[in-house]
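Reader: I would like a close look at one part of this model, covering strand pairing, helix packing and geometry. Please give the cut-off behind each term as it comes up.

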Amino acid sequence: MTQTKVAEKIILPTPFAVGDVNVFLIEGEKLTMIDAGIKTKEAENALESQLNERGYTISDIDQVILTHHHSDHCGLVDLFEGKDLLGHEDNQRYLVRDDEFLDWQREYFTGISKKMGVPKEYMKYANNVESMYTYSGSKPLTGFLKEGDKIPGLEGWIALETFGHSQGHLSFYHEATGSLIGGDLLLGRISPNPILEPPKKKGEARFKPQLQLNESLKKIEKNKLDIVYPGHGSNITDAYSLIEKRLRKQHERAMHVKGLIGEGENTILELAVQLFPKAIRRDPALALFETLGQLDYLESIQKVEKQDKEGVLYYRVTTHE
Ligand SMILES: [Zn+2]
């Protein structure tokens, strides 16, 4: 039996506000890299040199496994021509990006913009969908992983579905050492954005990413977690207290939103402007999704209700205790 070593961290730069992104090298039966940084020359060079320091080159990697499809995690997959690329099936549409999917994103986010009370121009997901993929790779997955699947070539590692920050987001768990490679599910310094994605098929119900994120945190919490290797920042050795903090802060943020609504009624845009006066200019979509996430949560605990008025959603408080 091969002894699987716990993950080695490789830190790659990104041009994003989040800063560096981590990818992880696991020396199992197959030399495996978890995630693939972002598609820039700087990241590629940093990956090459950090692999070299460990006695490897890019061509030594046998397989790449993705936590999720965001460009800072899948950017360099095209370097791994002819190698296995595994991830949840839901990532595939973001890697392949055919015209049908791009059109579906435009259509879906145009509709969502209207519901949120937002002019479409402010929603890059609706009007400039291509710009979201500038730094993404486009090698399709060669195989799919789902809840509980063993990772081929990595003894003792399994995939856990931890959706919310993205659909198809996976974490990878090694029970023997209590190690979790958590992607962007649990980060030390920030709470991950609950990013809204279009349903897989037209007509299906809207995702509620904040509720999914909370469920995913509660799910990983049931495991022995000695160390969490996050997609950004330092390794986490106090996962349980951090998870509790994230859930508590999210509840408090939602209650703050409830307070903002007060006795009146508000659109999602009106609340997002108050909650994120700066971020709403810099990245309106993220600010709106975060606000929507709090409203979904408040709705789930019956604190607010919404009404559709000529296609725009208005939220009001249901109870005032
Ligand atoms: Zn992400």
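Author: Glu305 faces Arg316, which belongs to strand 13. Strands here are DSSP E runs of at least two residues, helices are H or I runs of at least four, and both are numbered from the N terminus. The model is a predicted one, in which local features need pLDDT of at least 70 and side-chain atom pairs count only at pLDDT 80 or more, while totals for chains, interfaces and linings use all residues. Residue numbers start from 1 along each chain as its sequence is written.

Strand 12 and strand 13 (residues 312-317) run antiparallel and are joined by six bridges; two strands count as paired if DSSP finds at least two bridges between them. The open sheet they belong to has three strands in the order 11-13-12, with antiparallel pairing. Strand 11 (265-266) and strand 12 (304-309) are the edges; each has a single partner strand, so one side of each has no neighbour in the sheet.

Helix 7 lies across strand 11, strand 12 and strand 13, and runs at about 95° to strand 13. Such angles run from 0 to 180 degrees between N-to-C directions, with axes fitted to C-alpha atoms, for helices over the stretch in contact. Helix 7 covers residues 239-261, so its 23 residues should span 33 Å, and the 33 Å between its end C-alpha atoms agrees. The expected span is 1.5 Å times one less than the number of residues.

In helix 7, the buried residues include Ala239, Ile243 and Ala254, along with Val257, Lys258 and Ile261. Buried means that 20 or more other C-beta atoms, placed from the backbone, lie within 10 Å of the residue's own. Just after helix 7 comes Gly262, with a positive phi of about 55°.

Helix 8 (residues 268-275) and helix 10 (residues 284-300) have axes that come within 9 Å and cross at roughly 110°. The two helices are therefore roughly perpendicular to each other, the term for angles of 65 to 115 degrees. From helix 8, Ile268, Leu269, Leu271, Ala272 and Leu275 meet Ala287, Leu288, Thr291, Leu292 and Leu295 of helix 10; contact requires C-beta atoms within 7 Å. By class, this contact between helix 8 and helix 10 has nine nonpolar residues, one polar and no charged ones. Ala, Val, Leu, Ile, Met, Phe, Trp, Tyr, Cys and Pro count as nonpolar, Asp, Glu, Lys and Arg as charged, and the others as polar.

Methods
Buried ≥ 20, exposed ≤ 12 C-beta atoms within 10 Å, placed from the backbone. Parallel < 35°, antiparallel > 145°, perpendicular 65-115°, else oblique. Contact = placed C-beta atoms within 7 Å.
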